[in-house]
Amino acid sequence: MRLPRFSLPQFSPTFYGLGLVLVVLAIIAPALPILSLRFLTNLLIYTALAYSINLITGLTGYVSFGHVVFMGAGGYALGYGASAFNLPPLAGVALGGAAGLVLALGIGIVTLRFRGVYFAISSLVTALAALQIVLVTPVLNDGRGIGLDVEKVGYPARSWFYTIWLIVSAAVVVTYFATHGRIGYGIRAIKSDEDAARALGIDATRLKLYVFMLSGLFAGASGAVFVWSTFGVYPTVVFDLTFSLFMLAMIIVGGMGTNVGPFLGAVIVYVSYWYALTVPSLLGLAFAAIGVIVILVALLIPEGIVGTMRRHFPGLRRILE
Amino acid sequence: MSVRVVAADVHKSFGGVHAVRGLSLDLEEGRVVGLIGPNGSGKTTFLGVLSGALKPTSGTVTIDGRRIDRLSADKVVRRGIARTHQIPRPFPEMTVRENVGVAAMFGGQHRDPQDALKEANRVLSLVGLEASADRSAGVLTAQERKRLEFARAIATRAKVLLLDEIFAGLSPDELRAAIGLFQKLQQELGFGALIVEHVMRAVFALSDRVVVIDEGRKIAEGTPLDVVRDSAVIEAYLGVDEAHAPP
Amino acid sequence: MVDAGSVVLQDLVYGILEGCVFAVVAHGLNLIWGVTKVVNVAHGEFIMLGAYGAYFLSAWFGFNPLLSAPIDALIGLGAGVLFYFGFLHRELRGKETVTLQTEMVTLVATFGLALFIVNLATSIFSVNPVGIPWNPGVVRAGPVSLPVGSLEVAAISVAVIAATHVFLTRTYLGSAIRAYSQDIAAAQLVGINPTFVAAVATALGLSAAMLGGALLTVWLPTGINPLMGQTFAPICFVIVVLGGPGKMWGSLVGGLVLGVIINVVPAFAEPSVGASLALAIAFLVLIPVLLFAPEGIVR
């Protein structure tokens, strides 16, 4: 039996660039004031969510409107684990990731069979149904949510930061492998023409399910960190479709299916949002503005910043992915 | 031991439309079967059932005795049947080489992308597309796309190919060259094929056997010469009077 | 003394009556989806706007929903034209089939529109639910009571659906729309202007949404709020899929089914749980329908 050939993959400049940014962040974090750390933590939560939806919507073109459901599942996993079993937060985050993964498996097995539009609607419907179900589930405290014991949690700004940092780093790596090599080709073929891809032997069902499960994992883990850092899980917050809107906004602005697009999109969208929050009169309209951004980018530059740059400057393609 | 694909009493209906009615057909590695019939007779639908793109309403398709009619298209490819599409479906954002490489990576035996791309080069030179290897598949001409479809099917190393009108729209010179290329490749690579065609020159030149269908049913089967003289065939194509006219 | 059977019967009747109104709003979505092949995720928000339209017409001029409905319908026509040219025209113009890119772009863009409208509405209207105080009385038919308002809006809903059916089958423009929805290239060959047809269909679709929103207020004595679109949009999607995208009468069937589910299920569950459970079931009905649907929907 021949052993499979193993060679260390050579990473692209984009990957090293992202790695550098992440390493720098990790190094300077201990020196930062708590508020800045808090800001970075939130930014990274949104970044992880962006990478999460990028794995399914960006890579395969299947629009997951209800993606927030995985975030909610992860959040409740941590919340319930903490309140019912005294689960330490890090274990809660791991559990959150697992919850997201398993939920994605369950949902994906059914809904990934459907064509694009029907998948999107099923996804929306699932998230809305999940909210209704959680609202009346006594074990999860019905609509009241589960608060975390503030004294027990404390304010571990560094733990929050490094946990989400780890999640984002993992997401960057996973995204890299999903866009390169054999898997990358398979997924690109699926996005391009799923039936033709199958006609060439690509097991589209399995590939789609894998990326969907991974996207559920990252959304769930991020949801858990979100709940940990906001001291509680509340259904109307953690199943809010606005998160789905944010996720779509970030990848559509940054560039769907790219490696750096989610990061770029997260920075642009989250920082704009955060800034809008500091201006009192803009508060209610901040979300509306994000809606407008999504509309304009979707209609006018659907490839986002990275996608458009790659198209107009072919020379950049090697270094900007 | 050559691979045998057997379609037995295949029916395919779409709602009220009964496109394929009880069609049975054998395919063998190394042999070419021509499938001809008037427009709308169910040829492409039948091909879809064989390739796994469609599930038959009833009837079975087997490879060496094992049923494949309920399998998804990608599983059928891995069992050894590959198809081309009547209107080619290349991946426009990938290069020609990558298009073929994907087929080799997933349908064929070259899992490693580097190996697959090398294999793609080999296949492209077999079909004469090597000069376009780096071009984006989206800018190919219609003829080049047909050849790319064919190249992709070959790259999967399938034992039996289902080819949907690959000789359509060619000038007489191009047709002669294409027929020659097909014969050469078929002898070199040894695949079996079902060629769904309207171009009779190709059917005659290449088929060991011809099957004629009309309105979803087989109306004749035999050597090309037998079939073209069959009155049922003439009637289906040209009308009743012609069928009874002196030859 | 009320027995369980007559409670269920009453709920069934409510379900049928409410289902008719569901049907007319879903029918609007069906029209746009069936003709342009584009799914308007923001459909629920137009229903919400229709409801608020009726509310303000009631608060400022004392109009009851029956009067507001045609006004909303007119506004909806205008909104539909704007929506078509703003969102759909660029993507659909010159194309004979809807590509995956168009599908995705319009899905995401209309999602953005939906949340834009919701958040704008929340800022302007505030989240507090409102209602229209209109009560034309109740009629009794044996063991069941039939609120007159509900009867009237149900009747109007069915009339609108029937009128649309007549329009589509008996008029030139209607046939043009049907031709366009079947084969754009062929329709153009016989002289049909695709832009005009698609715009008309979209206008009619959003008009139905807003009209239906006005009619729905009869069922929402305290429930008109900016987020209501997020409840009704999935209901519309489920109805359209149940009835079959593009099949006009299917909306009525689907609407009745969902109306009955939403009204009858709570009778079998505890009061605090009933409404949410009914909604969850209504939404999730979509999944089995898609699973057993013809090959066009499932790969």
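This is a predicted model: local features need pLDDT of at least 70, side-chain atom pairs count only at pLDDT 80 or more; totals for chains, interfaces and linings use all residues.
Visitor: Fine. Which strands of chain B form a hairpin, and what is in the turn?

Guide: Strand 9 and strand 10 of chain B form the hairpin, with two residues between them. In the turn, E215(B) has a positive phi of about 50°.

Visitor: How many bridges join strand 9 to strand 10 of chain B, and do they run parallel or antiparallel?

Guide: Five bridges join them, and the strands run antiparallel. Strand 9 covers residues 209–214 and strand 10 covers residues 217–222 of chain B. As for V210(B), the bridge partner in strand 10 is G222(B).

Visitor: Switching to the contact of chains A and B: how many residues does each chain give?

Guide: Chain A gives 19 residues and chain B gives 23 residues.

Visitor: Which helix of chain A supplies the largest share of that side?

Guide: Helix 8 of chain A does, with seven residues. By class, the side of chain A that touches chain B has seven nonpolar, five polar and seven charged residues.

Visitor: And chain C, how many helices and strands?

Guide: Chain C has 12 helices and two strands. From the N terminus, the order is α-α-α-α-β-β-α-α-α-α-α-α-α-α.

Visitor: Why call chain C as compact as a globular protein of that length?

Guide: Because its radius of gyration is 19 Å, close to the 19 Å that the globule rule gives for 299 residues. Buried residues make up 54% of chain C.

Definitions and conventions. Residues are numbered from 1 along each chain as its sequence is written. Chains are lettered from A and ligands numbered from 1 in the order in which they are written. Two strands pair if DSSP finds at least two bridges between them. Helices (H or I, at least four residues) and strands (E, at least two) are DSSP runs, numbered from the N terminus. Two residues are in contact if their C-beta atoms, placed from the backbone, lie within 7 Å. Ala, Val, Leu, Ile, Met, Phe, Trp, Tyr, Cys and Pro count as nonpolar, Asp, Glu, Lys and Arg as charged, and the others, Gly among them, as polar. The radius of gyration is taken over C-alpha atoms; the globule rule is 2.2 Å times the number of residues to the power 0.38. A residue is buried if 20 or more other C-beta atoms lie within 10 Å of its own, exposed if 12 or fewer, and partly exposed in between; C-beta atoms are placed from the backbone.
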